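Keep the viewer open while you read.

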Amino acid sequence: MPLELIRRLLAYRRGFGQVAKRADLTVNLIAEIIATDYHWLLHSLALNPHLPNPVRIRLAEHSDPAIRTALVVGSRDAPREMFARLIDDPDTRVRQQLAESDHMPADLRARLARDPDPEVRASLAQWWPQAPEHVRRTLLTDPLDQVRAAACATYYRRLPHPVPPADLIPGLLDDPVTRAGVVRHLHLTAETALRLSDDPDDEVRRQVAQHPQLPPDLRDRLGEDASASVRVAIFARPDTPEPLRRRIYSEIQQATAPLTDLLDSDLDDAAFLRKVEDSIAVTELRNLHLTWVTADSMPYVSSPYVCFRSSAARSRSLPAEAVTRLLNDDESIVRTTMARHASHLVDPATAQRIDRDYRPDKKTKWRPADDFTFPPQTLRRFATDPDPRMRCLAPRDPDLAPELAEQLAADPESWVRRAVAAHPRLPTPSLITLLADQSDWVARAAASSPSLPVTDMARLLTLAGL
C-alpha cells in the first residue's frame with residue numbers, strides 16, 4: 001500500500017486501528033501513530049510483532065494498562081528490558097498477561113510466583129506447568145485455595161502436565177482443592193482407591209476411574225457411578241469387561257435429553273447440572289481418543305463404538321484393506337480421521353467424497369479438503385458444482401480461468417463470493433463490484449485483495465472522509 005494511503009488511514013476513528021499492525025510501518029509512521037494518542041491505534045501498534053525494541057520500551061511506560069497488556073501479547077521477540085519494566089506493573093491485567101507469556105525470561109517470570117494478586121499466581125500455575133521446581137513448590141503450597149487448585153489441576157493451558165514433588169503428594173491428597181489433580185501421580189493402594197472412590201467430588205472419582213492401578217472390584221463399582229463423566233472414564237479403560245462397557249455406552253446414550261428441553265424443565269440446580277453432564281458425556285463418548293486402541297488397532301476396526309473406530313483410524317500401520325474400510329465408514333469422524341492419517345492412500349475421488357460428506361461434531365473452520373491438494377481439473381470442476389461448499393474450493397486453483405472466477409464472484413451464496421474475492425485472476429470489474437457487496441465479509445475480502453487498484457483504494461478512503 002502506498003505510504004500516502006497508510007497515512008490517510010491513520011485518521012480513521014471508527015475501527016480498531018488495524019493499520020497499526022502492518023509489518024511495513026516506517027519509523028515516522030510509528031511516531032505519527034503514537035502522537036495520535038488514539039486508543040485503538042496504540043492498542044494495535046502494541047500488538048504488532050514487528051515493532052522496533054525502542055518503541056516497545058517506550059510503550060511499556062504508557063499510562064493505559066490495556067496498551068501495556070497488549071504489548072505483552074505481541075512480545076514474541078521483545079527485549080528483557082521491556083519485561084523488566086512491566087514485572088512490577090501496578091495493573092493486575094498486565095502482570096497476569098506476563099504470567100501467561102512463554103516469551104518472558106524465566107528468572108523474571110519466576111518472581112510472579114510471589115505476586116501479591118492471587119489471579120496472577122493462579123495464571124502462572126496454569127500457563128507455566130514446566131516451571132522450575134522451586135516455583136512449583138511455592139505455588140503448590142500457596143495459602144489461597146485458588147492458587148493451589150490451579151497448580152495441581154486436571155487441566156493446564158500448556159502440556160505436559162507437571163509432576164508434583166513426591167514429598168508434597170500426601171498433603172495435596174488431603175487438600176480438597178488439589179485432590180483431583182494429584183490422583184494421577186499416586187501409587188494407588190487398595191485402601192486409598194477405596195477411600196477416593198467414595199469421594200463426593202465427581203472429578204476425584206473420575207480421576208480414580210482413569211488410574212491404571214484401580215482394583216477390578218472398584219472399577220466395576222465406578223461403572224455404576226451416578227456421574228456420567230465417571231462412567232465414561234470406566235468405558236475408556238482397556239481392562240473394562242465388554243458387558244460393562246456395552247452397558248455404560250447404552251445407558252449414556254439413552255439417558256440424554258436435548259439441552260433445549262432442559263431449559264424448560266423444573267429441575268433443581270444439582271439435577272440440572274447432572275443432566276447437562278449426561279449430555280456432554282454423549283459427545284465425549286463419541287470423541288474419545290484411546291491410545292491403547294491406536295496401539296493395537298486391528299481388533300477395533302469393526303468396533304460398534306465410534307470412538308474405537310476413530311482411534312483405530314489414527315494408526316499409521318493399518319493394512320490397506322482396513323484403511324479402505326475406515327475410509328468408507330458410516331461416520332464422518334471416522335472417515336476424516338482415517339484420511340488424515342493415511343493421506344498417501346487417499347485418491348482425489350475419495351478425498352472429494354470425504355470432504356463433501358464431512359459433518360463436524362462442532363463448529364470449525366477446518367475441513368478435510370485443507371489436508372489435500374486437488375488436481376487443477378478437479379478444482380475447476382468444483383466451480384460449477386451444485387453444492388456451494390464445493391464451489392468454495394474452486395478458487396484454490398491459482399490458475400483459475402478468469403471467466404470462472406467472474407462466475408463465482410456472482411454466485412448467489414456469499415461464502416462462495418468471499419472465497420473468490422481475493423483471487424489474483426478475478427477480473428478487476430468483478431472485484432470492484434464486490435466492494436459494494438451486500439455481505440460485509442465479502443466486501444472486506446474484496447477490499448483486502450492485493451489486486452485492488454490503488455485508485456479504488458483511494459476512492460474508498462475518500463468515501464470514508466479520509
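## Pockets, cores and one serine

Lining the second largest pocket are 17 residues, and those nearest its centre are T364, K365, R367, W415 and W441. Bear in mind as you look around that this is a predicted model. The space in this second largest pocket comes to about 640 Å³. Helix α29 (residues 414-421) gives the largest share of its lining, with three residues. By class, the lining of the second largest pocket holds nine nonpolar residues, one polar residue and seven charged ones.

Now turn to the largest pocket, which has about 980 Å³ of space. Its lining is made up of 19 residues, and L9, R444, A447, L460 and L461 are the closest to its centre. Which helices supply at least two residues each of this lining? They are α1 (3-9), α31 (440-447) and α32 (454-463). Of the lining of the largest pocket, α31 provides the largest share, four residues. The classes here are 13 nonpolar, two polar and four charged residues.

Next, the packing. In soluble globular proteins, nonpolar side chains tend to be buried together. The largest nonpolar core in this model has 87 residues, and L45 and F235 have the most contacts inside it. Helix α17 (residues 228-235) contributes the largest share of this core, six residues. Apart from this core lies another, of 45 residues, which includes V306, V323, A446 and M457.

Finally, have a look at S311, which sits in helix α22 (residues 306-312). Is S311 buried or exposed? S311 counts as buried, because its relative accessibility is 0% and the cut-off for buried is under 20%. The side chain of S311 reaches the backbone oxygen of C307 at 2.8 Å. Once neighbours within four places in sequence are left aside, S311 is in contact with L288, H289, L290, V293 and T294.

Methods: Residues numbered from 1 in each chain as written. Predicted model: local features only at pLDDT ≥ 70, side-chain atom pairs only at ≥ 80, totals over all residues. Heavy atoms only, no water. Buried < 20%, exposed > 50% of the residue type's maximum accessible area, 1.4 Å probe, protein only. Polar contact = N/O pair within 3.5 Å; in protein donor to acceptor, adjacent residues only side chain to side chain. Contact = heavy atoms within 4.5 Å. 1 Å grid on protein atoms, 1.4 Å probe; cavity = no way out; pocket = protein on both sides within 12 Å on 5 of 7 lines; lining within 4 Å. Points joined across faces, edges and corners; volume = space filled by probe spheres on them. Nonpolar A, V, L, I, M, F, W, Y, C, P; charged D, E, K, R; others polar. Core = buried A, V, L, I, M, F, W, Y, C linked by side-chain atoms within 4.5 Å.
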